[in-house]
Amino acid sequence: MTKPPKPKPLLEDADKPVRSRPRKPRNPAQPNLLLDPMPDRIDPCLALLKPKPPKGPQWAFEVKWDGYRLAVHIEPTGIRILTRGGHDWTDRFPAIQQAALWLPVGTAILDGEAVVLDEQGRSDFGLLQQSLGGRGGKKRSSDAIFMAFDLLYFDGHDLRNSELDMRRHLLADLVPTGEQGDIRLSEEIEADGDQLLASACEHGLEGIIAKRRDAPYRSGRLGDWLKIKCIQSDSFVIVGYERSTVARAGIGRLLLAARKGDDLVYVGGVGTGFNERSAAELREQMDKLIIGKATVDTGRKRNAVFVDPKIVAEIEYRAWTHDGKLRHASYKGLRDVQDNAIPYQPRGRPGDRG
């Protein structure tokens, strides 16, 4: 017969007073570890678009994910999931929210991308949009997973002034490599940048990201992070469309603009990339925004319908023409307004959502 466990001293005599061990005086040689206040929101570090990968051991490489940029805040009061524009989308990603609750940490801010993977394991922005009910939809996505690639705050300490290698080391302890849950680590890939880009393009990925290992986390598009794409893809404002009697939903071509300071500049049109569903969604959105006069100079257009520039479209293209128009453009999907449109940089490489 198993003996009952011996009672702990505290439980032997309830009448005896309970005294704690005397507290030793603090050693003044030991530093005070002050806790940093947890930021309510952090503007993300954005990747600068470059035509070729950088060289040198100071650069770390990752796959470029095609989804929604999110920050996952783990707080004493619960989980908050914020979009790049600062909107609270916690309720729209229940699986990611639950996975964040299970992480072994008291407080943290994870930077990453919400994605939906196709059958080949590639991130597919169209699938993500469908899971959320399309642009302006309010559906909750249980298919989206969170690819974490940075750790900005960890158990009371602001990590933004720490080097990327240190932040990644702590992140890998929190989200171990190879985990297949709803929060996963976006793994660093040891490879030559040119070879990695070629492999990414061969496998149908969007491109790669390069990050300076010794850089702190700085909000904005400052060059600490670079993105190199297999095909150029950016966000543009829809300023109208040309009618067609034969095209899907009557849309012959979308008219697009980019931002130049506070103004918009016409960058040409796109007439390919639509299917029945996306064309119908576009027409429904645009018909609510019809205006009498174009907000940009589109030149003379036959059968043009102009709309208030409140819809942002993701467009793939091969290059820019000498006069600042998109070449070989193809429609990819709709973006949220918070992603905004790209700055007008036809001679360089325009940036996108990050």
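This is a guided tour of a predicted model, one selection at a time.

**Stop 1: the open sheet**

Start with β1, β10, β9 and β2. These 4 strands form an open sheet, in the order β1-β10-β9-β2, with mixed pairing. Which strands stand at the edges? They are β1 (48–49) and β2 (59–63). Each has a single partner strand, so one side of each is left without a neighbour in the sheet.

Select β1 and strand β10 (residues 225–229) together. The two pair in the parallel sense, over 2 bridges.

β2 pairs with β9 in the antiparallel sense, over 5 bridges.

**Stop 2: around β2**

Stay on β2 and show its side chains. W59, F61 and V63 lie on one side, and A60 and E62 on the other. Both faces are covered, and all of these residues are buried. With 5 of the 5 residues of β2 buried, the strand is largely enclosed by the rest of the structure.

Helix α5 lies across β2, β9 (207–212) and β10. Against β9, the helix runs at about 150°.

**Stop 3: helix α4**

Select helix α4 (residues 164–174). Which of its residues are buried? They are L164, R167, R168, L170, L171 and L174. Look down the axis of α4: the buried residues fall within an arc of 165°, so they line one face of the helix.

Next, show what that buried set packs against. The partners are β2, β5 (108–115), β6 (145–154), β8 (183–185) and β9.

**Stop 4: the largest nonpolar core**

In soluble globular proteins, nonpolar side chains tend to be buried together. Here, the largest nonpolar core has 31 residues. Select V72, I74, F93, L110 and I183, which have the most contacts inside this core.

Colour the contributing elements next. β3 (68–75), β4 (78–83), α2 (94–102), β5, α3 (125–131), β6, α4 and β8 each supply at least two residues of the core. The largest share, 4 residues, comes from β3.

Centre on V72. Its contacts, leaving aside neighbours within four places in sequence, are I79, R80, I81, I96, A100, A108, I109, L110 and F146.

One of those contacts, R80, also deserves a close look. The side chains of R80 and E75 meet in a salt bridge, 2.9 Å from N to O. Both R80 and E75 are buried.

**Stop 5: the second core**

Move on to I238, L254, A279 and Y317. They belong to a second, separate core of 25 residues.

Zoom in on L254, in strand β12 (residues 251–260). Is L254 buried or exposed? At 0% relative accessibility, L254 counts as buried. Show its surroundings. Beyond neighbours within four places in sequence, L254 is in contact with I238, G240, Y241, G268, G269, V270, F274, L282, M286 and Y331.

Pick out V270 from that list. L254 and V270 are 16 residues apart along the chain, and their C-alpha atoms are separated by 5.2 Å.

**Stop 6: salt bridges around K332**

The model has 24 salt bridges by the rule used here. Select K64, D66, E206, K229 and K332, which are linked in a network of salt bridges.

Begin with D66 and K332. Their side chains meet in a salt bridge at 2.8 Å, N to O. The pair links distant parts of the chain. D66 is in the loop between β2 and β3, and K332 is in strand β18 (residues 330–335), 266 residues apart. K332 is partly exposed, with a relative accessible area of 27%.

Then turn to E206. E206 also forms a salt bridge with K332, with the closest N and O atoms 4.0 Å apart. This pair, too, links distant parts of the chain: E206 is in the loop between α5 and β9, and K332 is 126 residues away in β18. E206 counts as buried, at 12% relative accessibility.

Methods: Residues numbered from 1 in each chain as written. Predicted model: local features only at pLDDT ≥ 70, side-chain atom pairs only at ≥ 80, totals over all residues. Heavy atoms only, no water. Pairing = 2+ DSSP bridges. Contact = heavy atoms within 4.5 Å. Axes fitted to C-alpha atoms, helices over the stretch in contact; angles between N-to-C directions. Buried < 20%, exposed > 50% of the residue type's maximum accessible area, 1.4 Å probe, protein only. Arc of directions from axis to C-beta. Core = buried A, V, L, I, M, F, W, Y, C linked by side-chain atoms within 4.5 Å.
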